[in-house]
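This report is meant for someone meeting the structure for the first time, and it moves from single residues to the chain as a whole. Please keep the sequence and the model in view while reading.

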Amino acid sequence: MLRKVRGRFGDKLNPDDAFLSLTREDMQTLKNDWLTDNIISFWEEYLEREFLSRFQTSNIILLRPSMSFMILQTPDPRTLREALPDFSRATHVFLPINDCRNVSQAEGGTHWSLLLISVVDRIAFHYDSLYQGNVWEADTVTRKFGYLLNMPIRFLHLNDSPQQDGGSDCGVYVCMNMRHLLMKRLLMASAHEKVSMSLGGRKVDANSSRKEMAKIIEGFRKEGERRRSTSASPMGKKSRSPPRVD
C-alpha cells in the first residue's frame, strides 16, 4: 500500500541513519498489514548497502516506490529525467509497482508487485503474487520506461510467480523476490551466462519473512544506539589536543 507516512522525529527508530527513517506505523504494518513504501524503500537500501555495494562493477538499480509511482502517473516520463537516477549504464532495474491511481490519495493502493527490467535484453519481467493483479500498472510502467531509454521493451508477465496466501502479504513477496532475483540470479551469474528469470516452484514464507525483516531493522537500531552511546561517553571521545610526553 502506498502511503504518505507522517511521524514525529522521535518516532523514528534511528534518526541518525536516513535509511532507517521508519516510524512506529511502518513497523506495525510489518507485523501483519500491507507494507508501506517506507518499509520497501528501507529494504532496497538495505540490499544496496549490505550486498550490492560489494559488486563494484554491477550497474543494477533498485528504484524506490515513489519513483516508480511517478513514472506510472506522469504522462511523459521524459520530464522526470532530472529527478530519476541515471539509467545510461544500467543493466537491470527493479521497480516496486503499486496499483494506486489517485495521486491525491495519501494512503492509496491495495496491492504491490515487482517489475524487473533487463535493459540489456530489453525485456521486463513482472512478478505478481496475485494473479493478474497489477498487470496494467506494470505494463504501463514498462512502456513509459521505454520512452525514458528511447528503446522498445517487451513486457512479460510471469504466470508462475509465487502466490500469496494472506491478503496483505504482497509487499513481503516483493521484498523477498527482489532479494532472491538480485542475490541468487543476477549477481551470481557470469557476464556470458544465460539466467532464468522464472520463479516457478519457489516458496515464500510470509510470516517468517516478516520476522526476518523486523529482526534486521532491530539489529540496525541497536547498532545505532550503541554508536550514539559510545560517541556520547567520555571514553568514546577522542581528544583534539596533541599527546604530551613525560
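His126 is found in strand S4, which covers residues 123–127. This is a predicted model, and in it His126 has a relative accessibility of 0%, so it counts as buried, the cut-off for that word being under 20%. The side chain of His126 is joined to the side chain of His157 by a polar contact of 3.0 Å.

**Aromatic pairs**

How many aromatic pairs does the count come to? By the rule applied here, the count comes to six aromatic pairs, and two of these are set out in the table below, with the distance between ring centres and the angle between ring planes for each.

| Pair | Centre distance | Plane angle | Kind |
|---|---|---|---|
| Trp43 and Tyr46 | 5.1 Å | 40° | tilted |
| Tyr46 and Phe220 | 6.1 Å | 75° | edge-to-face |

Are Tyr46 and Phe220 buried or exposed? Tyr46 has a relative accessibility of 9% and therefore counts as buried, and Phe220, at 19% relative accessibility, counts as buried because the limit is under 20%. Beyond the separate pairs, one aromatic cluster is formed by Phe42, Trp43, Tyr46, Phe51 and Phe220.

**The faces of helix H1**

Helix H1 spans residues 24–32, and its buried residues are Asp26, Met27, Thr29 and Leu30. When the helix is seen down its axis, these buried residues fall within an arc of 155°, so they line one face of H1. Exposed residues are found on the other side of H1, namely Arg24, Lys31 and Asn32.

**The cavity**

By the rule used for this model, the count comes to one cavity of 30 Å³ or more, and the volume of the largest cavity is about 40 Å³. Its lining is made up of Trp112, Ser113, Leu114, Tyr127, Asp128, Ser129, Ser161, Pro162, Cys170, Tyr173, Val174 and Asn177. The elements that give two or more residues to this lining are strand S3 (112–118) and helix H5 (170–186).

Which element gives the most to the lining of the largest cavity? Helix H5 does, with four residues. Sorted by kind, the lining residues divide into seven nonpolar, four polar and one charged.

**The chain as a whole**

Taken together, the secondary structure of the chain comes to six helices and five strands, and along the sequence these follow the pattern α-α-β-α-β-β-β-α-β-α-α. The chain has 246 residues, and buried residues make up 50% of them.

Terms used. Residues numbered from 1 in each chain as written. Predicted model: local features only at pLDDT ≥ 70, side-chain atom pairs only at ≥ 80, totals over all residues. Heavy atoms only, no water. 1 Å grid on protein atoms, 1.4 Å probe; cavity = no way out; pocket = protein on both sides within 12 Å on 5 of 7 lines; lining within 4 Å. Points joined across faces, edges and corners; volume = space filled by probe spheres on them. Nonpolar A, V, L, I, M, F, W, Y, C, P; charged D, E, K, R; others polar. Buried < 20%, exposed > 50% of the residue type's maximum accessible area, 1.4 Å probe, protein only. Arc of directions from axis to C-beta. Phe/Tyr/Trp six-rings, centres within 6.5 Å; stacked < 30°, edge-to-face > 60°. Polar contact = N/O pair within 3.5 Å; in protein donor to acceptor, adjacent residues only side chain to side chain.
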